[in-house]
Each structure stands twice: as C-alpha cells, then as structure tokens.
Number of protein chains: 2
Amino acid sequence: MPTTKAPLLSAHEIVSQLTEAVHEHRIQPGAKLSEDEVSDIFGVSRTLVRQALRSMEHGGLVTIERNRGAFVTKPTITEAREVFEARSLLEPRTARAAAERATRQDIADLECHIANEHAALDRKDLGLALKLSGDFHVAIARIAEQRTVEDFIRQLVSRSSLVIALYWRHRDAVCEEDAHHALLDALRAGDADQAEELMKAHLRSLLLQLDLRERPEGPVSLRDALLR
Amino acid sequence: MPTTKAPLLSAHEIVSQLTEAVHEHRIQPGAKLSEDEVSDIFGVSRTLVRQALRSMEHGGLVTIERNRGAFVTKPTITEAREVFEARSLLEPRTARAAAERATRQDIADLECHIANEHAALDRKDLGLALKLSGDFHVAIARIAEQRTVEDFIRQLVSRSSLVIALYWRHRDAVCEEDAHHALLDALRAGDADQAEELMKAHLRSLLLQLDLRERPEGPVSLRDALLR
DNA sequence: TGAGCGGAAATTGTATACGATCTGCTGCAA
DNA sequence: TTGCAGCAGATCGTATACAATTTCCGCTCA
C-alpha cells in the first residue's frame with residue numbers, strides 16, 4: 001500500500017484555500033495557477049485541481065484561457081465599475097431586509113465579526129482584515145435570509161477583492177471600519193431606512209476610494225499592452 | 001482510424017444543448033442526467049459530461065448529489081420566491097439603464113425577438129416561446145451594458161424556467177406578451193421611468209401567476225413528503 | 001545583429017481505467 | 001410472510017495515460 005487511498009483534500013477544500021488566499025491578497029490578480037503546481041502543493045491529482053479551477057472560474061475569481069491555463073482574474077476598469085454597480089443594486093435593499101429580520105443572535109455574531117476585523121487590523125494583518133471586511137457584507141445578506149441574493153453578493157464581494165488589489169488608492173488604508181459599526185447600529189435598532197441608506201453610502205465611499213481612471217496614453221499604456 | 005479524433009462537441013456545447021432543453025421544458029425538473037447516458041447521446045467521454053454538469057450546477061440548473069448523480073434542479077417554494085425577489089432587485093433598474101442607452105439597432109433586434117416569440121406561440125411551440133420570453137429579459141440586460149448584472153439575470157431567468165415548470169398556474173397560458181411590447185415601447189421612447197416601472201410590474205405579475213402556496217397538511221402532504 | 005524558423009520541453013485537453021459507493025435483488029431464517 | 005444479510009450490477013469519484021497545443025530556446029541565414 002504505497003500511498004493513501006483517499007485524497008488529502010476535496011475539490012471544494014481546494015477552492016476554499018485558493019479563494020481565501022486570493023481574498024487575503026496572498027495571490028495577486030494575474031498570477032498563474034498551474035495545474036501541476038497546485039496539484040503538487042495539495043497532493044491531489046490534476047483532476048481535482050481542474051474541477052476546482054473551473055469552479056472558481058464560474059465565480060469570476062479565475063480566468064481560464066484555452067491551452068494556456070488558469071489565472072487569477074484581472075478585472076478591467078469597466079468590470080470593476082460593473083461590480084460596484086451590481087452591488088449597489090443588491091446590497092442596500094438586502095441591508096434593509098436584514099434590519100427587519102436580525103435577531104439578537106445575529107447582532108451578537110456581527111459584533112464578534114467586527115471585533116475580529118479590529119483584531120486583524122491591530123495585528124497589521126491587512127489581508128485577513130480585508131477578507132473579514134468582505135465577509136461582513138455576506139453575513140448581512142445571510143441575515144436577510146435571501147440565499148440567492150447572498151450567493152450573488154458573495155461573488156461580488158469576491159471580485160471586489162480583486163478590484164481592490166488592482167485599483168485601491170492608498171495601499172495601507174483599509175476600508176474604514178466605522179461604516180460597518182454604523183451599519184451594525186442600524187441593524188441593532190431595526191432601522192431599515194437607515195440600514196439601506198448606510199449601505200448605499202458605504203458602497204459609494206468604497207467606489208470613491210478606487211482609482212478607476214483610464215490609464216491615459218504614453219509609454220505606460222504601451223507597456224501595459226505588451227504585458228497584456 | 002476507427003473513430004474521429006476530435007470530440008463531436010465541446011463541454012460548452014453540451015451545456016448549451018442541455019440548458020436549451022431544460023428552458024424549453026423538454027426535460028423536467030427532477031429528471032436524472034446520468035453521465036453514461038448523456039455521454040452516449042453526445043458521443044463524448046464522461047469527462048466532458050462531468051464538466052458540463054458541474055458547470056450547470058453553478059448556474060443552479062442542475063443539482064449534483066454525491067455518489068448519486070446529477071438531476072435537473074427542483075426549486076423549493078422558498079427558492080422560487082427568492083429568484084423573483086432577486087429579479088425585482090436587478091431588472092427594473094437594468095431596464096431603466098437600457099432605456100437610457102438603447103440604440104436604433106437595439107430596438108430593431110428586440111422587435112425581431114418579439115416577432116419570433118409570436119411566431120412560436122402561433123405554432124403552439126410553448127417551449128420555444130417560453131425560452132424566447134426569457135431571452136428577452138437577458139437581451140434588455142445586454143442593452144444596459146452591464147455584463148455582470150446580465151450574467152446574474154441570465155441565471156435568474158434560467159431558474160425561473162424551472163420555477164415555471166413546477167408552479168405555473170395555467171399550463172397553457174404563457175407569459176402575456178403585451179408586457180414585452182409595452183417595455184419595448186418604453187425603450188423606443190427612451191422613457192426610463194416608464195421602463196423601470198413596467199419591468200417591476202411585469203415581474204410582479206409573473207410572480208402572481210405562480211402557485212406558491214405551501215401545500216397544506218392532510219394526506220397530500222404526507223405523500224409529498226414521501227415522494228420527497 | 002536581428003529576424004525567421006524548427007524542434008524539444010512544458011502545459012493543458014480528453015479519454016480511459018480502476019476503485020468506492022450506492023441500489024436493488026435474492027435467499028435464508030425467524 | 002417479514003425482515004435482514006449479502007451479493008451483483010450500476011453509477012459515480014479519482015487517478016493516470018496519452019494526444020494536442022503552446023511556449024521557449026537555439027539555430028540558421030540574410
């Protein structure tokens with residue numbers, strides 16, 4: 001009996017680990033995810049890795065080019081705008097629904113969540129802080145009890161992470177945690193109007209912290225074109 | 001040389017054909033999609049079929065149960081509501097954007113589209129008519145030039161097809177095409193307010209034509225429980 | 001020196017093989 | 001007759017093998 005029969009990890013676990021790494025910016029947009037390399041790292045066959053990569057492609061986190069391989073998606077400026085456009089359609093009204101339905105337990109969970117965010121920030125673990133910050137938005141969708149919308153928001157938050165990696169203005173300053181606190185207060189108070197408005201403002205503020213101007217002409221754009 | 005080297009169809013084409021069949025209600029929700037059977041039909045290996053089924057699973061059209069196989073998804077009543085909830089978040093404001101951006105060519109395409117819908121109805125081809133009716137909504141999203149939102153709407157329209165197969169009240173009456181005509185008029189006139197309002201009303205009307213009451217108690221519920 | 005052109009190495013795409021799990025039948029015992 | 005154990009068939013999950021494509025390096029020749 002040379003090797004273990006059962007694989008060390010399932011395809012889903014591979015997706016989780018890769019996704020987490022991208023969310024925490026340990027893997028940059030544009031990075032190549034070679035099948036051989038990944039399968040070596042996780043100790044599984046390429047079959048599972050391919051499944052995982054295909055799965056992530058559907059979430060928009062990975063782009064697969066035929067006969068060339070899988071890469072962490074590099075959203076264009078247009079796609080970046082679209083992501084926040086879509087979020088602004090879904091999240092404010094989802095926050096409203098959450099405010100109407102949040103239980104005492106939900107509030108406690110969110111408080112705990114925010115505490116973890118702060119802890120990560122204090123530890124200067126910006127990657128983790130960013131990931132948790134995204135999870136906060138998903139958590140609100142879950143409270144709203146809209147699984148379908150929740151899945152969409154999860155995708156959008158995921159892609160937002162890529163957008164932030166590429167277009168964030170101040171590399172050190174992370175999404176102001178005040179916004180999350182304010183949202184939590186609105187949820188606690190059951191103030192639906194306030195929650196909707198805060199979420200709308202929060203998303204707008206996030207978008208404003210991105211540098212989404214088209215890179216103008218000049219030598220830079222040429223190099224970009226060559227580097228693809 | 002016994003068989004052709006290249007596969008007759010790619011994974012994506014398999015997805016297309018299966019998806020179309022489900023959209024046209026030629027395959028019912030709950031139907032099993034056996035890997036062997038599908039691979040025989042299309043003349044490809046199970047590898048590609050598995051890829052295709054996994055892909056459809058992400059779109060929500062197929063549900064895969066471990067070691068049991070793939071089935072056309074049977075949305076629950078809750079999921080059915082969620083689908084229309086999500087559509088009501090996305091589509092009205094997308095219709096507004098479409099009204100603001102529609103070109104003369106876009107309008108012409110939509111007119112052609114609606115003509116096809118009518119033709120299918122006249123031919124009593126309800127399956128095709130239903131599919132085209134869904135495509136109309138996707139076409140509007142495309143005009144709005146929001147690819148991200150368009151993808152979500154495509155998924156939702158797709159799931160709506162399953163919901164309709166399961167919960168539609170009048171099996172013969174198809175979605176009133178008047179609504180699509182009215183929408184087209186609003187787009188042609190560039191009346192954004194009107195387009196948004198019409199889409200909202202259209203979705204509400206669709207939802208109302210569904211029978212989403214919980215099956216009450218009694219012997220029926222017992223049998224339902226046993227039948228799944 | 002630099003452009004053009006093999007050709008080998010690396011990487012992905014597809015098919016097949018084998019093992020694990022589930023399903024349903026058959027037979028035996030209570 | 002009923003219930004359960006066990007075996008056979010079917011189906012899915014994973015790994016491996018092979019084919020197709022791309023990439024990259026070095027060579028030649030202008």
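In which order do the three strands of the open sheet in chain B stand? The order is β1-β3-β2, with antiparallel pairing. This is a predicted model, in which local features need pLDDT of at least 70 and side-chain atom pairs count only at pLDDT 80 or more, while totals for chains, interfaces and linings use all residues. Residues are numbered from 1 along each chain as its sequence is written, and chains are lettered from A and ligands numbered from 1 in the order in which they are written.

**Sheet of chain B**

- Strands (E, at least two residues) and helices (H or I, at least four) are DSSP runs, numbered from the N terminus.
- The edge strands, β1 (32-33) and β2 (62-65) of chain B, each pair on one side only; pairing requires at least two DSSP bridges between two strands.
- β2(B) runs antiparallel to β3 (residues 69-72) of chain B, and four bridges join them.
- B:Val62 has B:Val72 in β3(B) as its bridge partner, and B:Glu65 stands opposite B:Gly69.
- Three residues lie between the strands of this hairpin, where B:Asn67 takes a positive phi near 65°.

**Helix α7 of chain A**

- Helix α7 (residues 147-167) should span 30 Å at 1.5 Å a residue, and its end C-alpha atoms, 29 Å apart, agree with this; the expected span is 1.5 Å times one less than the number of residues.
- Because 16 of its 21 residues are buried, α7(A) is largely enclosed by the rest of the structure; buried denotes 20 or more other C-beta atoms within 10 Å of a residue's own, with C-beta atoms placed from the backbone.

Conventions. Buried ≥ 20, exposed ≤ 12 C-beta atoms within 10 Å, placed from the backbone.
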